Amino acid sequence: MKWYLDALKKYAQFDGRSRRQEYWMFRLFSILFMFASLIIDGIISYLADFPLFLVTTLYCLAIIIPSIAITIRRLHDTNNSGWMIFVALIPFVGGIWLLVLEVTEGTHGTNNYGEDPKMSQELIQSY
């Protein structure tokens, strides 16, 4: 939950780097909250007797900018430009290519986009 909240605190921060753990924990909690919102919408739709996906729609709108921002920071961690997010638009292979970039280990040490977030966190934990 900490990773999810940390990512939300960096709501529209497109510079810097994000570790794999931060990225994937954000994705996990986003999916869990999406399922929870769908369940709430299902209950509301059942009680109202017509489909209404208000909670899910609001959640999706609220999470779209942080999702883009953390994906760009994840690409920065692998020393790729944030513009590489558009590789997902390539039919058939684009989504796979982006997934490979997202699961690739970040560059060690400083790269073009900032300090290594893994090293800075390990230094904090050592004290």
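**Rings and the rest**

Guide: Ring pairs tie Tyr4, Phe26, Phe29, Phe33 and Tyr59 into a cluster. This is a predicted model, where local features need pLDDT of at least 70, side-chain atom pairs count only at pLDDT 80 or more, and totals for chains, interfaces and linings use all residues. Residues are numbered from 1 along each chain as its sequence is written, and side-chain values use heavy atoms, with hydrogens and water left out.

Visitor: How many aromatic pairs does a search of the whole structure find?

Guide: Rings of Phe, Tyr and Trp (its six-membered ring) pair if their centres lie within 6.5 Å; planes under 30 degrees apart are stacked, over 60 edge-to-face, the rest tilted. Searching the whole structure on that basis, the number of aromatic pairs is 7.

Visitor: What kind of aromatic pair do Tyr23 and Trp24 form?

Guide: A pair of aromatic rings is described by the distance of the centres and the angle of the planes. For Tyr23 and Trp24 the centres are 4.9 Å apart and the planes 85 degrees, so the pair is edge-to-face.

Visitor: Is Tyr23 buried or exposed?

Guide: Buried means under 20% relative accessible area, exposed over 50%, and partly exposed in between (1.4 Å probe, protein chains only). Tyr23 has a relative accessible area of 2%, so Tyr23 is buried.

Visitor: What share of the residues in the protein is buried?

Guide: The protein has 127 residues. With the cut-off already given, the buried share is 33%.
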